[in-house]
Amino acid sequence: MAEQRSGGGLAWGDACLAAALCAVAPRALGGIHLRARHGPTRDAWRAGFRRLMGKITEQRVAADADDGVLFGGLDIAASLAAGRAIVASGVLARVAGGLLVIAGAERCDDAFAARIAATMDRPVCDTSFAVLALDEGDNPDERAPDGLVERLALRVDLEEQPSAERTAEWPVTPAEIIAARRRFPAVTIDDAYLDAICETAAALGIVSLRAPLAALVTARAAAALDDRAQVGEADVAVAARLVLGPRARQYPTPPSSTTDEPDEPDEASDDDTQARPADSAPTESESNTGEAATPPETANATPGETQPSDSASKRASNADAPNDEASEATPAGNYSELMLEAAGARINDDMLAEAGTGQTPGAAPNARAGRRGVIARASGTRGRPVGTRAGLPDDRHRLDVMATLRAAAPWQTVRGRTQASPRLRVRADDFRVRRHAQVQETATLFVVDASGSSALHRLAETKGAIELLLVDCYVRRDRVGLIAFRGTTADTLLPPTRSLTRARRALAGLPGGGPTPLACGLDAALHQAGLASRDGLSPRVVILTDGRGNIARDGRPGRAAAERDTEAAARAFRAAGHAALLVDTSPRPRPAAERLAEQLGARYLPLPLADATRLSDAVRTQAGA
Amino acid sequence: MSRAFPFSAIVGQQAMKHALEITAVDPSVGGVLVRGDRGTGKSTAVRALPGVLPPLRVISKCVYGCDPAADATVLCETCRADEAAGRRATRQQPVPVVDLPLGASEDRIVGALDLERALSSGEKVFEPGLLARAHRGYLYVDEINLLEDHLVDLLLDVAASGENIVEREGLSVRHPADFVLVGSGNPEEGELRPQLLDRFGLAVDITTPSVLSDRVEAVRRADAYRRDPAAFVARYKRKDGAVRKRIRDARQRLPSLETTDALLEAASALCLRLGTDGLRGELTLIRAARASAALAGDETITTAHLRAVAPAALAHRLRRDPLDESGSAARIERALAEQFDG
């Protein structure tokens, strides 16, 4: 049984199993998304994987490789040296039939992912390849783009293992892989299992049909590995755990019954998947997908409320429709229960956090990817490259080699370049430098005090004002982010995005009440503003509060400690120098809020009796929009 | 023959398939914008198009694939010269569907100086870009909402004028580039500027099939295709052929279809009711209705055709209150009901 092959710690066992499955059917599966820090464990896994894959071409490509590297093109250096055009082949051509290793996949931009994806999608079979995406991101914001990850069937999360585990024998030998590869094309799957796969994917809120397809291929590979001609229960369980679980966008069960599980995914799934106690009762879950849509931990404060009911129920109805009929009639019901259990073992909060805040099926929260690459390449200068101009390179202007050569090329004959003296004749007036757009995109971060003290009366107004500001932002194509603090922590409800739809949804679901963790709110604002400016946006922070924090950073009540922490957070914020505006939302302007504004280096705007429109007007003028 | 996933094997997604068929019958309808999640078959449908479109006859040596039956004014320079000299060998080729990868440089799109020739022989030669390759076919941009605005602008400009004009690096080239622009994207990841939205002829929203049996069937077919592409394509050959015949017949029927005054009035009244800006709405609506009638094999265009294409032709042209919850599709349905039923 495939299950037994995953000996040792589960994470490691699963990682080995994934490697084996990928080795059986590399191109059909698309590849592996490996999320792990650089370290001995990753090296050990890769060595094992390489052994299983056998002799195939392996090409390594960096996440910021450009078209020249990927698709090939004129090798400028070689061409200049040789005096004739030398065309280099691209990595994607050389890797045909092999394995493409993408280093630093978390730094990929969407454009890079799109090119790899387009090549993978091409119907011609002999040029296709498998991808191993090495993702070293250490938080949910930092990860390989969805467009790429979607096409890689398997996902492996490696944590640092004790060395004893690592040196443990690999459960599969290369000889078994070779045998399995021969069997793989002939493996068949029963319709009931296929139904179960699709049903499970729907119950987990997975929209894309690539997921069930990947699960299907994985199940077949698992069957081939275990020398079965037909896919069996164990194989679909493996597929659920390795393919569907990591893609889940919602818990299949109500949060209450699974709260202890997601925290220790490893522990929970340590026992044999099939023998697990049925505490995650998948059948009940299906009618409850609405509530289950909330990742309990990520949306820390009362998840039920933070959910915009419309999107959740819409999705629930999507997921429900097939499930209702299935649980009554088809035998697939049993299998999908099994699969839900298996998948549940792999769902954890980080993953749901990656799937946006679990609110929008199919939404990619990293809408700001794509910036990273651009900025990185422009190194030294800021902003978006907008073509080239004639001029000499200096500290502020980088030489654009291609454009320079292009400018020089037509004149070579005139300038006396001959076969006898094939040296390229480039003159100073051929030089072209890159230009960058000066205007930076703005990311407006709203930091909303949703606590009882400040927000009880004003939350509706605040929401109204933000909605009006959102319209402005939409017109200006700004990005908008939303942070709310209440209870004991601050939540980033929405990282800066351009999608108004999501911003609205996040706002509509904003709950109010509870004490005021002002310091946490400021910390979160600083963190998000930092991320935004690292992405080349200029952040603008609008804080709406009454300035009366009563929860310290550690989540404990006490006004004195809270004020100390708030002051410290404010100082840190000021040191970072982000543009900020503090809107005092208390019924009577208070010195506390004004002092806080000063500490923050923010402009202070008292709004004693503002309605939504006035607040929006004031923010617009004050923030210099 | 193309080994892409067959068009007729795509499960569901009628709105998208119909919109693409309409552009195949009458390319002047304009581009198609497909909005929806990942993994809903957007790319698959577009890449399947060459399989169901009648092949093109092109002038053999032409890099742009000029139409031998076309008027001399729309030929590229080489072909015009050849035509004057009386040479014209032709051949058949499938309709080009060109993928424009996100992050493609302007050089690659519009074409640029052929660096290789310039370096090796000092010749100044134009190297055609993706626009040239898409001539008389389709240009597909996945995730068009993530494309730089100025590139989207450029694409729409060329698509509308049917001609690509390059003035750079001492080159002055003008070549035909008459293509249908198909863009896809997920509005959750960022939206297209309204000015650009308006310039797409049709816009369709698609979702994953919500019925389990459809999903299962879609996955089953995708798997069957992956296991043995050749056999799978062969199995759908007849169905694809039927679609091709339908498109070919519709093209022939199109010129004979009369647009009545009553129909024009109905279209204008509908646009007025919905408050769409400009006259593009009416024009697209009429053209799409004609193509739809031609596809259905009908002799006359009726309001039923108008109603069928109205959502795709108008949904993206409504002046939008960005905070309005009810989608534009609902507003169109309401207006249609008021006008035709009320």
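Trainee: What share of the contacts in chain A with a separation of 6 or more comes from residues 24 or more positions apart?
Mentor: The share is 78%. Keep in mind that this is a predicted model.

Trainee: And how many helices and strands does chain A have?
Mentor: Chain A has 31 helices and 15 strands. Of its 625 residues, 54% are buried.

Trainee: Now chain B. How many helices and strands there?
Mentor: Chain B has 15 helices and 11 strands. It has 342 residues, and 50% of them count as buried. Take the contacts in chain B between residues at least 6 apart in sequence: 75% join residues at least 24 apart.

Trainee: In what sense do E11 and E12 of chain A pair, parallel or antiparallel?
Mentor: Antiparallel, over 6 bridges. E11 of chain A covers residues 479-486. For one bridge, find A:Val480: its partner in E12(A) is A:Thr497.

Trainee: Helix pairs next. At what angle do H12 and H13 of chain A cross?
Mentor: Roughly 140 degrees, with axes that come within 9 Å. H12(A) is residues 191-203, and H13(A) is residues 210-225. The two are therefore oblique to each other. The crossing is right-handed.

Trainee: Which residues meet there?
Mentor: From H12(A), look for A:Tyr193, A:Leu194, A:Ile197, A:Cys198 and A:Ala201. From H13(A), look for A:Ala211, A:Pro212, A:Ala215, A:Leu216 and A:Ala219. By class, that contact has 10 nonpolar, no polar and no charged residues.

Trainee: Over to chain B. How do H13 and H14 cross?
Mentor: Their axes come within 8 Å and cross at roughly 130 degrees. H13(B) and H14(B) are therefore oblique to each other. The crossing is right-handed. Among the residues that meet are B:Leu285 and B:Ala288 in H13(B), and B:Leu306 and B:Val309 in H14(B). The contact has 11 nonpolar, 4 polar and no charged residues.

Trainee: What about H11 and H13 of chain B?
Mentor: Those axes also come within 8 Å. They cross at roughly 120 degrees, and that makes H11(B) oblique to H13(B). H11(B) passes H13(B) in a right-handed crossing.

Trainee: Which residues make that contact?
Mentor: B:Arg246, B:Ala250 and B:Arg253 in H11(B) meet B:Ala291, B:Ala294 and B:Leu295 in H13(B). These divide into 4 nonpolar, no polar and 2 charged.

Trainee: Single residues now. What is phi of A:Asp227?
Mentor: About 60 degrees, a positive value, although A:Asp227 is not a glycine. Find A:Asp227 in the loop between H13 and helix H14 (233-247) of chain A.

Trainee: Is A:Asp227 buried or exposed?
Mentor: Exposed, because A:Asp227 has 10 other C-beta atoms within 10 Å. The cut-off for exposed is 12 or fewer.

Trainee: Where is B:Arg136?
Mentor: In the loop between helix H6 (130-133) and strand E7 (138-141) of chain B. Phi of B:Arg136 is positive too, near 70 degrees. B:Arg136 is buried, because 21 other C-beta atoms lie within 10 Å.

Trainee: Last one. Where does B:Ser161 lie?
Mentor: In helix H7 of chain B, residues 149-161. B:Ser161 counts as exposed, with 12 C-beta neighbours inside 10 Å. The C-alpha atoms of B:Ser161 and B:Ala177 are separated by 8.3 Å. Those two residues are 16 apart along the chain.

Conventions
Residues numbered from 1 in each chain as written. Chains lettered and ligands numbered in written order. Predicted model: local features only at pLDDT ≥ 70, side-chain atom pairs only at ≥ 80, totals over all residues. Axes fitted to C-alpha atoms, helices over the stretch in contact; angles between N-to-C directions. Helix = DSSP H or I, 4+ residues; strand = E, 2+ residues; numbered from the N terminus. Parallel < 35°, antiparallel > 145°, perpendicular 65-115°, else oblique. Left-handed = near helix turned anticlockwise from the far one by under 90°. Contact = placed C-beta atoms within 7 Å. Nonpolar A, V, L, I, M, F, W, Y, C, P; charged D, E, K, R; others polar. Buried ≥ 20, exposed ≤ 12 C-beta atoms within 10 Å, placed from the backbone. Pairing = 2+ DSSP bridges.
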